[in-house]
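Have the predicted model open as you read.

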Amino acid sequence: MTQNVEETPVLIAQTGPLSGRRWPINNTLLLGREDNCGIVIPSRQVSRCHARISLSHQGILLEDLGSKNGTHLNGKTLREPVYLQDGDIIQIALAQLFVYLSSDATMPLDAGQPDLLADVPRRLLLEKRSRRVWIGEVEILPPLSVSQYSLLELLYDSQGRVIERKELIETVWGEEDAVGVSEQALDALIRRLRDRLAAVDPTHMYVVTVRGHGLRLDNPIRE
C-alpha cells in the first residue's frame, strides 16, 4: 500500500505512559509489552503482543491478538478485526489510549490537544458549574473539599498530561501562599483525594504518581 508522505496515517498517544508521542503507519505495527513490538506499552495490564495495526488495499486494519485485558475501539470491546476511520479512539486494556488520524495533513499542530477526546465518555466526570463529581452513575457525596476539587479539576483538564508538583501546589493554594506549602501537605491532600475516589470505585487508581515528575489523571473510557 503506497502512500504520499502527507497522506500517511498516524497514531497519536493520548492518556497513558506514551502520552504525546505519535507513530506514522507505514507498515504493520505490533502493540504490546514486548520490546520487539513497534509500539511498546510499559504496563502489566498490556499483553506481550496485545494488538496489531496492518495496512491493506482496503485501509488500516486493527485487530486484537487474544489479549487478556482487551482492546477497545470508541469505547466498545473489539471482537473482530475492524478497519479504522479518521478520529477513531483506540484503548489498549486500561493502560494506553490512542487517536487514529487518516492523514498527517489532518493532524492538529499540537498533537496533545485534549479536545481530540472531548466527546469520548469517561468513567470519571466533573460538572464544573456545580463542582459535582461522578464516577459512573455514582456521585461522590459528600462533595469534595475545595482543595480536593481544585486538585482533581487541574488533572481532569489536562487529559492525562503529567502535572509537576510545583504547578499542583500553586493551583491549589495559590501562587502567593505556595512558598509555605510543604511536600507533606501536598502528599496528604493527594492521599485524601485518592481515598474519596476509592470509596466509590476501589477497582481503579485514577490519580497516578509519575516518579520524579508529578501526577496525572488516568480516566478510562466509559463502557
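## The buried side of H2

In this predicted model, the buried residues of H2 pack against H1, strand S15 (163–164), helix H3 (175–178), H4 and strand S17 (214–217). Those buried residues are Leu 168, Ile 169 and Val 172. They span an arc of only 95 degrees around the axis, so they sit on the same side of H2. As a general point, an α-helix has 3.6 residues a turn, so residues three or four places apart point the same way.

## H2 against H4

How do H2 and H4 meet? H2 (residues 165–173) packs on H4 (residues 183–200) at an angle of about 75 degrees, and their axes are 11 Å apart. With 65 to 115 degrees as the range for the term, that makes H2 roughly perpendicular to H4.

On the H2 side, the contact uses Arg 165, Leu 168, Ile 169, Val 172 and Trp 173, while H4 brings Glu 183, Ala 185, Leu 186, Asp 187, Leu 189 and Ile 190. Sorted by class, this contact has eight nonpolar residues, three charged and no polar ones.

Setting aside neighbours within four places in sequence, Leu 151 touches Leu 168, Val 172, Leu 189, Ile 190 and Leu 193. Take Ile 190: it is 39 residues from Leu 151 in sequence, yet the two are 8.1 Å apart in space, C-alpha to C-alpha.

Terms used. Residues are numbered from 1 along each chain as its sequence is written. This is a predicted model: local features need pLDDT of at least 70, side-chain atom pairs count only at pLDDT 80 or more; totals for chains, interfaces and linings use all residues. Side-chain values use heavy atoms; hydrogens and water are left out. Axes are lines fitted to C-alpha atoms, for helices over the stretch in contact, and angles run from 0 to 180 degrees between N-to-C directions. Helices (H or I, at least four residues) and strands (E, at least two) are DSSP runs, numbered from the N terminus. Angles under 35 degrees count as roughly parallel, over 145 as roughly antiparallel, 65 to 115 as roughly perpendicular and the rest as oblique. Contact means heavy atoms within 4.5 Å. Ala, Val, Leu, Ile, Met, Phe, Trp, Tyr, Cys and Pro count as nonpolar, Asp, Glu, Lys and Arg as charged, and the others, Gly among them, as polar. Buried means under 20% relative accessible area, exposed over 50%, partly exposed in between (1.4 Å probe, protein chains only). The arc is that of the directions from the helix axis to the C-beta atoms.
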